[in-house]
Amino acid sequence: MTDENVKGENKKTVSRRSLLKGAVALGAVAATGGFALNLSAPGSAHAAQKKMPAKWDETLDTVIIGSGFAGLAAAAEAAKGGAKVVIFEKMPVYGGNSVINGGEYNSWDDELHLREKHNLGDDSVDLHTKDTIKGGDFYGNPELARILAEGATPALNWMLDDGGLKLRDILNRTGGHTAYRTHTCVEGVGRCYTEALRKIAEGRGATMRLRTEVTWIWRQDTDGPVVGLEVKENGKKKNIKIKRALILASGGFSRDIKMRQDENPSIVPEFNCTNHMGATGEIIRYSQAIGCDAMQLCFIQLYPYAEPEKGILDSPAVYPFRGPGYGIVYVNKKGKRFVSELERRDVVSRAEIATGMKPTYSIFHEKMIPKMGTKEEVEKGIARGRFVKADSLAELAQKIGLPPDVLVDTINKHNQYLKDKKDPEFNKPITDVMLIMDEGPFYAIAQWPAVHHTMGGLRINAMAQAIDIWGKPIPRLYAAGEVTGGIHGANRLGGNAIPDCVVFGRIAGTNAAKEKA
Ligand SMILES: Cc1cc2nc3c(=O)[nH]c(=O)nc-3n(C[C@H](O)[C@H](O)[C@H](O)COP(=O)(O)OP(=O)(O)OC[C@H]3O[C@@H](n4cnc5c(N)ncnc54)[C@H](O)[C@@H]3O)c2cc1C
């Protein structure tokens with residue numbers, strides 16, 4: 001998919017550089033009308049002359065690009081508002097990164113009031129907002145971060161009530177969060193949420209077309225609205241007119257090695273990647289080519305707990321993420337801790353790489369399992385060689401090739417820190433619900449960073465309108481989910497992507513439906 005898309009992009013000969021140079025040509029192009037934007041420098045040998053089609057092959061009311069959380073939530077709300085919604089999805093299956101996601105959803109509350117039920121302390125919209133902004137090193141837009149935190153709870157309740165979503169009876173405190181607010185759906189995979197959203201969207205009349213790749217966005221002129229799309233459907237090129245609105249929900253670009261390298265050379269091609277193969281950035285590039293602003297594209301996240309060899313993020317790989325609030329311990333190959341387990345993903349990833357020894361391990365014991373998942377999941381993980389189990393810590397150390405005496409000493413010390421409520425080594429905040437690892441069986445899982453999330457993307461405002469390079473909304477164009485930028489800043493807190501996608505997807509859909517067809 002990457003190669004194909006890179007080729008497609010070259011064909012159009014529109015690059016970011018030409019977009020920037022081409023800003024001076026905007027007036028001239030606007031005057032011509034009837035042409036797609038040509039943002040290349042005047043006289044450029046590579047000037048893109050994509051002409052607006054003389055006739056359309058099909059006319060649709062409202063189109064959404066992408067069938068993940070953001071696209072499905074947008075579809076549901078746009079359909080509710082009276083739009084006739086079609087989702088275009090380039091892959092043969094729906095759901096993108098959303099369907100393979102780990103099922104972790106941050107919300108300060110929920111209709112079951114799990115935090116109160118389990119006596120897990122305080123939380124609020126304010127605290128969630130603050131953690132989100134601080135966790136992104138203050139690069140995130142505070143207005144958008146607040147909308148995420150505020151909308152997370154009603155969006156979760158909506159999926160529970162109308163979509164049939166079910167949650168596990170646990171709540172986790174995860175890296176960078178100061179409260180227990182990370183919810184997990186029953187199957188522990190994003191499909192729980194996509195199926196709930198799909199049920200709501202399809203129930204309201206939205207439809208989906210798989211194997212339909214968007215290959216260009218048509219905009220009338222520099223101030224004008226988006227008017228249509230060029231697509232490749234079942235191998236055939238088509239031009240589709242859009243009457244009401246276009247919503248971009250095409251996800252991130254973690255699989256687009258060229259784009260990754262262009263934006264952040266430190267994310268070298270050798271890194272594994274947790275994403276589905278369609279997570280490429282062509283829609284960001286096509287949007288830039290019609291004048292849409294993009295921001296913070298260099299902020300790319302590594303997931304610190306991916307399977308070390310292939311980089312997959314399977315169900316065992318979520319345990320190290322869920323565990324810190326209940327006392328999971330991360331150790332290097334020497335059997336020593338190397339970071340506070342409650343640190344953010346970027347900090348943990350860097351600390352892992354700094355050990356200079358691949359992989360690192362998460363260590364936990366039997367009593368922690370119900371706090372992080374289920375016995376069945378762990379049994380399956382053992383059968384696949386993902387979890388290693390032993391009756392004693394020394395035996396566990398031997399099985400994974402760590403010095404037994406050092407691992408025993410590390411866990412004993414950590415147990416003492418929990419009793420003392422103070423971690424003199426890494427200053428981890430200790431809570432009352434963290435479990436002392438005093439009896440077996442004990443478990444280990446290997447972990448290593450892999451490319452996971454692109455925080456940067458298209459600039460949007462609070463109405464999820466896509467913003468152009470001059471700061472104005474592009475008429476009839478909306479964006480939501482990982483394709484957008486500026487919400488998470490330099491680092492996204494784990495569990496914040498689902499609420500981001502669902503909350504802004506809902507906003508985009510609601511506002512798109514208000515456009516006059
Ligand atoms: C393995 C994994 C686990 C994760 N776990 C969590 C978690 O537990 N909690 C959390 O909050 N976040 C998690 N994340 C992050 C989160 O899943 C993503 O940020 C989120 O799924 C993005 O949703 P989206 O709707 O924006 O995009 P996606 O779900 O990726 O959907 C975008 C869709 O657009 C399609 N598309 C792209 N370009 C085109 C085109 N040109 N034409 C047509 N279609 C196109 C893609 O094929 C894709 O299907 C995880 C991510 C991964 C990869």
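**View 1. The buried side of helix α13.** In α13, the residues Arg 345, Asp 346, Val 348, Ser 349, Ala 351 and Glu 352 are buried. Here a residue is called buried if 20 or more other C-beta atoms lie within 10 Å of its own, exposed if 12 or fewer, and partly exposed in between, with C-beta atoms placed from the backbone. Helices (H or I, at least four residues) and strands (E, at least two) are DSSP runs, numbered from the N terminus. The cover over the buried residues of α13 includes β10, β12 and β14. Just after α13 comes Gly 356, with a positive phi of about 70°. Please keep in mind that this is a predicted model: local features need pLDDT of at least 70, side-chain atom pairs count only at pLDDT 80 or more, and totals for chains, interfaces and linings use all residues. Residue numbers start from 1 along each chain as its sequence is written.

**View 2. Strand β10 and its partner.** Strand β10 (residues 300–306) is largely enclosed by the rest of the structure, because 7 of its 7 residues are buried. β10 pairs with β14 in the antiparallel sense, over 5 bridges; two strands pair if DSSP finds at least two bridges between them. To find your way, look for Leu 302, which stands opposite Val 451 in β14.

**View 3. Two cis prolines.** The peptide bond from Lys 358 to Pro 359 is cis, with omega near -5°. Pro 359 sits in the loop between α13 (345–355) and β12 (360–365). The peptide bond from Gly 440 to Pro 441 is also cis, with omega near -5°, and Pro 441 belongs to the loop between α17 (404–420) and β14 (442–454).

**View 4. Positive phi in two loops.** His 113, a residue other than glycine, has a positive phi near 50°. Its loop runs between β3 (104–106) and α6 (114–117). His 113 counts as exposed because it has 9 C-beta neighbours inside 10 Å. Asn 234 also has a positive phi, near 45°, in the loop between β7 (226–233) and β8 (236–248). With 9 C-beta neighbours inside 10 Å, Asn 234 counts as exposed.

**View 5. The shell around the ligand.** Which residues come nearest to the ligand? Of the 41 residues around the ligand, they are Gly 66, Gly 68, Gly 96, Gly 251 and Gly 481. By class, the shell has 15 nonpolar, 20 polar and 6 charged residues. Ala, Val, Leu, Ile, Met, Phe, Trp, Tyr, Cys and Pro count as nonpolar, Asp, Glu, Lys and Arg as charged, and the others, Gly among them, as polar.

**View 6. Nonpolar cores.** The largest nonpolar core has 88 residues, of which Ala 75, Ile 247, Ala 479 and Ala 480 touch the most other members. A second, separate core of 44 residues includes Ala 351, Phe 442, Ala 444 and Ala 450. Such a core is a set of buried Ala, Val, Leu, Ile, Met, Phe, Trp, Tyr and Cys residues joined through C-beta atoms within 7 Å.

Note on methods: A residue is near a molecule or strand if its C-beta atom, placed from the backbone, lies within 6 Å of it. Two residues are in contact if their C-beta atoms, placed from the backbone, lie within 7 Å.
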